[in-house]
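Work through the exercises below with the model open. Try each task before reading its solution.

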Amino acid sequence: MDLHVRYVGDDDPEKCTARRLARFDEVVLHDSDRATPPGLVLDPHAERALSPADDAERLVALDCSWTSADPESFDLDGTHRALPFLVAANPVNFGRPFRLTTVEALAGGLYILGERAHAERILSHVRWGETFLELNAEPLERYADCADSSEVVAVQDDYLADE
């Protein structure tokens, strides 16, 4: 699956996981002046959850600071899906739900879409990548076993109720 990132550039370039992935030829970066190709867009404001039923050749993420992640920022062509509950492993937001870096978001999406090896590969480029998979092992497996978005939401609700 091709990975594309709309790069806003409003965060610390030294900590930017999208730029790191681009250095390893894992993603194609698109600045805000160039059109990002349409695909399956990871959008926290989307009305439907990402599920294995979503079929795409291209996964698209937005790399921006959480302070500027408003709905208008995600105005990208494609099918928009929200990631279900996942916990960050990155040093800045460790343990905080939904505060994922770009590499965590892409890896979570890949895992749910059945691309576990691809998720592991991109996470290998950050020292806390394996920790992300360990922290989210149970929910990722459960989400990946779902048939559609409504099942993902039900699993998310069940998982959160257990916590």
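**Exercise 1.** Is Pro 71 buried, partly exposed or exposed?

*Solution.* This is a predicted model, where local features need pLDDT of at least 70 and side-chain atom pairs count only at pLDDT 80 or more, while totals for chains, interfaces and linings use all residues. Residues are numbered from 1 along each chain as its sequence is written, and side-chain values use heavy atoms, with hydrogens and water left out.

Step 1: Buried is under 20% relative accessible area, exposed is over 50%, and partly exposed lies in between (1.4 Å probe, protein chains only).
Step 2: read the value. Pro 71 has a relative accessible area of 46%, so it is partly exposed.
Step 3: Pro 71 sits in the loop between S4 and S5. Helices (H or I, at least four residues) and strands (E, at least two) are DSSP runs, numbered from the N terminus.

**Exercise 2.** In what order do the five strands form the open sheet?

*Solution.* Step 1: apply the pairing rule. Two strands pair if DSSP finds at least two bridges between them.
Step 1: write the order. It is S2-S1-S4-S3-S5, with parallel pairing.
Step 2: Strand S2 (28-31) and S5 each pair on one side only.
Step 3: From one strand to the next it averages 30°.
Step 4: check the bridges. Strand S3 (residues 39-42) and strand S4 (residues 58-63) run parallel and are joined by two bridges. Leu 40 has Leu 59 in S4 as its bridge partner, and Val 41 has Val 60 in S4. S3 and S5 pair in the parallel sense over four bridges. On that side, Val 41 stands opposite His 80 in S5.
Step 5: recall a rule. In a regular strand the side chains alternate between the two faces of the sheet.

**Exercise 3.** Which strands does H2 touch where it packs on the sheet?

*Solution.* Step 1: list the strands. H2 touches strand S1 (2-7), S3 and S4; contact means heavy atoms within 4.5 Å.
Step 1: give the angle. The direction of H2 makes about 155° with that of S4. Axes here are lines fitted to C-alpha atoms, for helices over the stretch in contact, and angles run from 0 to 180 degrees between N-to-C directions.
Step 2: check the cover. Eleven of the eleven residues of H2 are buried. Among them are Thr 102, Glu 104, Gly 108 and Tyr 111.
Step 3: look at Leu 110. This H2 residue has a relative accessible area of 0%, so it is buried. Its contacts beyond four places in sequence include Met 1, Leu 3, Leu 59 and Ile 122.
Step 4: leave the helix. Gly 114 follows H2 and has a positive phi, near 90°.

**Exercise 4.** Which residues have the most contacts inside the largest nonpolar core?

*Solution.* Step 1: define the core. It is a set of buried Ala, Val, Leu, Ile, Met, Phe, Trp, Tyr and Cys residues joined through side-chain atoms within 4.5 Å.
Step 1: The largest core has 41 residues, and Leu 59, Leu 106, Ile 122 and Phe 132 have the most contacts inside it.
Step 2: find the main contributor. H2 gives the most, with seven residues.
Step 3: Beyond four places in sequence, Leu 106 touches Leu 3, Val 5, Leu 21, Val 27, Leu 42, Leu 59, Ala 61 and Ile 122.

**Exercise 5.** Which polar atoms does the side chain of Asn 90 reach?

*Solution.* Step 1: locate the residue. Asn 90 lies in the loop between S5 and H2. At 3% relative accessibility, it counts as buried.
Step 1: set the cut-off. A polar contact is a pair of N or O atoms within 3.5 Å; within protein, one must be able to donate a hydrogen and the other to accept it, and residues adjacent in sequence count only if both atoms are side-chain atoms.
Step 2: read both distances. The Asn 90 side chain reaches the backbone nitrogen of Asn 93 at 2.8 Å. A polar atom of that side chain lies 3.3 Å from the backbone oxygen of Arg 99.
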